[in-house]
Protein chains: 2
Amino acid sequence: MRILIAPNSFKGTLTSTAAAKAMAAGVATSFPDAEIICCPMADGGEGTVEVITNACSGVLEQFQVLDAEGELIEVTFGLIPKTGQAPLAVIEVAEVVGLTRLSQPPLPVEWRTTFGIGQLLTHVTAMGVSEIMIGLGGSSTNDGGAGVLFALGARFLDSRGVSLLPLVGQSQPAQSIPEVLQSRVERLKQRICTTEKSVEVRRGTLPDVRKLDFSAIEALLNSSGPRLTILADVQNPLCGVAGSTAVFGSQKGVATDRIEAIDGLLNRLGELGDTWKGEPISRRPGSGAAGGLGYALQLIGGQIKSGAEVVCELSGFDAALPFADWVMTGEGRSDRQTMDGKAPAIIAAKAREANIPVTLVSGQIEPNAIVDLQRIFSGGSYSVSETGPAPSPEEASSNLRRVCETLRPV
Amino acid sequence: MRILIAPNSFKGTLTSTAAAKAMAAGVATSFPDAEIICCPMADGGEGTVEVITNACSGVLEQFQVLDAEGELIEVTFGLIPKTGQAPLAVIEVAEVVGLTRLSQPPLPVEWRTTFGIGQLLTHVTAMGVSEIMIGLGGSSTNDGGAGVLFALGARFLDSRGVSLLPLVGQSQPAQSIPEVLQSRVERLKQRICTTEKSVEVRRGTLPDVRKLDFSAIEALLNSSGPRLTILADVQNPLCGVAGSTAVFGSQKGVATDRIEAIDGLLNRLGELGDTWKGEPISRRPGSGAAGGLGYALQLIGGQIKSGAEVVCELSGFDAALPFADWVMTGEGRSDRQTMDGKAPAIIAAKAREANIPVTLVSGQIEPNAIVDLQRIFSGGSYSVSETGPAPSPEEASSNLRRVCETLRPV
């Protein structure tokens, strides 16, 4: 008997590698003769760098960039050797501007920026990689990727041709935010200016944008730069009723009465960018991923792929599946969104197609989703009795192992 | 010492009355001499009818209507005596078209209707009530309230003046939905036609709407009908980037590639309704509540109020607060949305203003929300160790009691 164990991370408690280990320990007790293969999963969100880098025997590297709120942080990315080519770099948005990394109280979403992701892209490009994979899940930003474009050299100009900061917030008049946050906004602006010494940067922000100067990016695209693969799992366009601000804005803290203004700003950026590119990139599915970062990355030539699909291929899951008798997957919390392209759903679809029983073991399962989950997980769906809001990794791991000891493939 | 206990329901496990009872039993153990006052809460969602009716010594009545998918169901509403006036009726949207009441698999959101709520409104109006309170939380529908308007007598006409069914789905060509769902859609259409014997109803649906015939509703408004109070806690307009389809559609199952078309349809309904009314009701805050039902109800003269505020007044919470030494509240699951006008947040704000410690006890607390919650709950926020996806009411109740035994006001 061969058991293929491919969980997503249990967010906040276990990485997917740790979850796979706990599940494997559980089934090894009840099936001591089984051959157990672990393929920890990811789908573009938190943990994607670790999973892909480990699966491909790469190395983890560190680099210092600004986070979404302008604080200096050390982030981790992966470098994966490729035979006969320069290495592949794997980076993840959650690591730089993740929702779970916000300070308390956080800067309002209008002042958060993807600038640090642009710094990281510049860094890995300068290392001479042949390809960059970037996971878009879990971002706290909604800047249309303006921060990334700015860090790569694009300039956003007002009607007089003055370069603006790549920030969504209104600089004049100062919005009614608490004083402590105002000083943090000032520090963020200062840091962006300091980092971009070579250009004249004034204090204005994106609401005044009238023109783009993309000449620096054009140069970048014309040189034989790295291939850019975007790992995303949403189909939203940049703006409008199905756009990033409308659909995902409230989760990130966009106030109801600010949705229209922010969507309008991203729409203007989209028009300017599309005109430069000569293609309606802003309407492409996935341009609305990660607060419009999906747009900016497609504008500079990135291609979107399903994060879970790419990880299934790179982790060896696809190769191991035909020889498996039972597939197990899992995640921290399963609800109806699990069905929308999240790793466990992709795993379930692949197992079903191969006619192999597939079992879901999640930290928690939203009661409303149980019937739908039972339909796609032929081997059943189970929840671990996680107690309290945040069990320690040790508790979570031993609970998960214990549940897996009791499971059978059908 | 006086302790005021005012929890919301613990969705799926405990009503707010049962939760209040369990919490009271817990604190009675540790504070045997305390005077304990229970004010079970609601905020317009599930449980609102029960809470308001009990608090005001009303009676619960039943009536048979169509649910969101066209099945006949018995729903409960409240009748509350008013001195010197006809009684007040309390109804809730969750009871008729609630997300938790959908069958599995559910009809696609495009085919779900608020028709049954219109039937219930007609029924209580015919009973001669002086006021109707309607709680809008937890709906599964996104029909702009067309179903309600139709049941009240409004007619949606195509370009040739033929009356259409109040359904968002395209009738021609049949959308690619499984056969079992197609037969359920046919049954739903048949039931609406049968219920509305007196008018010629053809098979067309709302995407063909060109004209409204609101004469029947006009008559209704001109007569001295009951006052209509809408209990809602969102500020969204009917359409556009901050509208019901854009912001709440995906939670109800609107596919990303259908958002634009459905929003466009609600926009046309809004234009037709606003023209009839002579006022831009569709842009009013709250028109986007309950899939646009907030629009239809305002169109016929309803006034929006905060559900939690109204319940605080009716339940005696406001009257008891000045004499309390400690306030306790709670809910099934607390996350960042708790801060957006949900009952525990309203309770916390009132207690803070009165300078009384307030403690939150919830089934689960989203780890990301803990810091924010600690800021508004001066008496701390605690989660019950609920195990598994859905503890039995008995377990949930005894767990909640046990946690409350250990708490102190500061």
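Reader: Which backbone nitrogen does the side chain of Thr113(A) reach?

Author: The side chain of Thr113(A) reaches the backbone nitrogen of Phe115(A), at 3.0 Å. A polar contact is a pair of N or O atoms within 3.5 Å; within protein, one must be able to donate a hydrogen and the other to accept it, and residues adjacent in sequence count only if both atoms are side-chain atoms. Now the ground rules. This is a predicted model, where local features need pLDDT of at least 70, side-chain atom pairs count only at pLDDT 80 or more, and totals for chains, interfaces and linings use all residues. Residues are numbered from 1 along each chain as its sequence is written, chains are lettered from A and ligands numbered from 1 in the order in which they are written, and side-chain values use heavy atoms, with hydrogens and water left out.

Reader: Where is Thr113(A) found?

Author: Helices (H or I, at least four residues) and strands (E, at least two) are DSSP runs, numbered from the N terminus. Thr113(A) lies in the loop between helix 3 (93–97) and helix 4 (115–126) of chain A.

Reader: Is Thr113(A) buried or exposed?

Author: Buried means under 20% relative accessible area, exposed over 50%, partly exposed in between (1.4 Å probe, protein chains only). Thr113(A) has a relative accessible area of 1%, so Thr113(A) is buried.

Reader: What is Thr113(A) in contact with, leaving aside its neighbours within four places in sequence?

Author: Contact means heavy atoms within 4.5 Å. With those neighbours set aside, the partners of Thr113(A) include Asp67(A), Val97(A), Asp143(A), Pro166(A) and Ile192(A).

Reader: Which residues does Lys350(A) touch, not counting those up to four places away in sequence?

Author: Lys350(A) touches Glu309(A), Cys312(A), Phe317(A), Asp318(A) and Leu321(A), on that count. Lys350(A) sits in helix 13 (residues 343–353) of chain A. Its relative accessible area is 19%, so Lys350(A) is buried.

Reader: How do helix 8 and helix 9 of chain A cross?

Author: Axes are lines fitted to C-alpha atoms, for helices over the stretch in contact, and angles run from 0 to 180 degrees between N-to-C directions. The axes of helix 8 (residues 244–252) and helix 9 (residues 259–277) of chain A come within 10 Å and cross at roughly 130°. Angles under 35 degrees count as roughly parallel, over 145 as roughly antiparallel, 65 to 115 as roughly perpendicular and the rest as oblique. Helix 8 and helix 9 of chain A are therefore oblique to each other.

Reader: Which residues make the contact?

Author: Helix 8 of chain A brings Ser244(A), Thr245(A) and Ala246(A), while helix 9 of chain A brings Ile259(A), Ile262(A), Asp263(A) and Leu266(A).

Reader: What about a cis peptide bond?

Author: Take the bond from Gln104(A) to Pro105(A): it is cis, with omega near -5°. Pro105(A) is in the loop between helix 3 and helix 4 of chain A. In chain B, the bond from Gln104(B) to Pro105(B) is cis, with omega near -5°.

Reader: Which residue has a positive phi of about 50° although it is not a glycine?

Author: Ser57(A) does. Ser57(A) is in the loop between helix 2 (48–55) and strand 3 (59–66) of chain A. With a relative accessible area of 60%, Ser57(A) is exposed. Ala290(A), also not a glycine, has a positive phi of about 50°. Ala290(A) is buried, at a relative accessible area of 11%.
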